[in-house]
Amino acid sequence: MKAITVIMCALLIISAPTFAKYERNKAVPVQQVLFGDVKSVRNITEQEIIQDKNNGWKTFGGALLGGVVGNQFGGGSGRTVATILGSVIGGSVAHNRQQQSHYQQNNFVELLIQVENGDQFMVVQDQDQSMRFGKGDNVRLVYLNDNTVRVDKAY
């Protein structure tokens with residue numbers, strides 16, 4: 001249940017319209033730019049379960065290989081039974097070996113920003129090690145045409 005909650009939180013944060021990745025060497029149209037000050041900073045760490053998407057093909061390959069090996073034993077109906085058992089065992093072994101999933105840790109920063117007209121905005125974006133934010137920093141909110149926003153320091 002806890003894993004499902006973590007996954008749902010991660011998906012909510014990732015799918016939020018205020019989430020924008022920094023992409024290098026790409027020019028995008030800008031809708032609006034607001035300047036303001038950081039009122040609070042909070043680092044967020046989320047874990048996302050990464051599962052092997054090729055698991056089905058690997059299970060199929062294990063079953064196929066097991067069937068070929070099983071077909072080498074016995075004769076007549078015994079060979080058929082050995083082939084079926086080899087397929088089942090091979091598929092099961094391949095499936096169990098590939099069931100392992102691992103966690104990927106995502107680091108985000110949550111910023112509460114008060115712009116010049118007094119409005120406040122909460123933005124969650126990827127944490128960039130080269131751009132650390134602190135309370136009181138002058139920043140700009142860059143609204144892009146794809147309904148995303150990114151925050152960077154205003155120099």
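Is Gln 31 buried or exposed, and what is its relative accessible area?

Analyst: Gln 31 is exposed, with a relative accessible area of 53% (buried is under 20%, exposed is over 50% and partly exposed is in between, using a 1.4 Å probe and protein chains only). The model is predicted, so local features need pLDDT of at least 70 and side-chain atom pairs count only at pLDDT 80 or more, while totals for chains, interfaces and linings use all residues. Residues are numbered from 1 along each chain as its sequence is written, and side-chain values use heavy atoms, with hydrogens and water left out.

Gln 31 belongs to strand S1, which covers residues 30-50 (strands are DSSP runs of E with at least two residues, helices are runs of H or I with at least four, and both are numbered from the N terminus). Apart from neighbours within four places in sequence, Gln 31 has contacts with Tyr 143, Leu 144 and Asn 145, contact meaning heavy atoms within 4.5 Å. The C-alpha atom of Gln 31 is 7.7 Å from that of Val 142, although 111 residues separate the two along the chain.

Arg 42 counts as partly exposed at 47% relative accessibility, whereas Glu 110 is buried at 16%. Strand S2 spans residues 102-115. Setting aside residues up to four places away in sequence, Glu 110 touches Ser 40, Val 41, Arg 42 and Ile 44, as well as Met 122, Val 123 and Val 124.

The whole structure contains 3 salt bridges. One of them joins the side chains of Arg 140 and Asp 152, at 2.6 Å from N to O. Arg 140 is in strand S4 and Asp 152 in strand S5, so this pair ties together parts that are 12 residues apart in sequence. Arg 140 is partly exposed, with a relative accessible area of 32%, while Asp 152 is buried at 6%.

Asp 137 and Lys 153 also meet through their side chains in a salt bridge, at 3.7 Å from N to O. Asp 137 lies in the loop between strand S3 (120-126) and strand S4 (138-144), and Lys 153 in strand S5 (residues 149-153), so the pair ties together parts that are 16 residues apart in sequence. Asp 137 counts as partly exposed at 22% relative accessibility, and Lys 153 is partly exposed at 22% as well.

Beyond residues up to four places away in sequence, Ile 113 touches Val 139, Leu 141 and Val 151, together with Gly 36, Asp 37, Asp 119, Gln 120 and Phe 121.

Terms used: A salt bridge is a side-chain nitrogen of Lys or Arg within 4 Å of a carboxyl oxygen of Asp or Glu.
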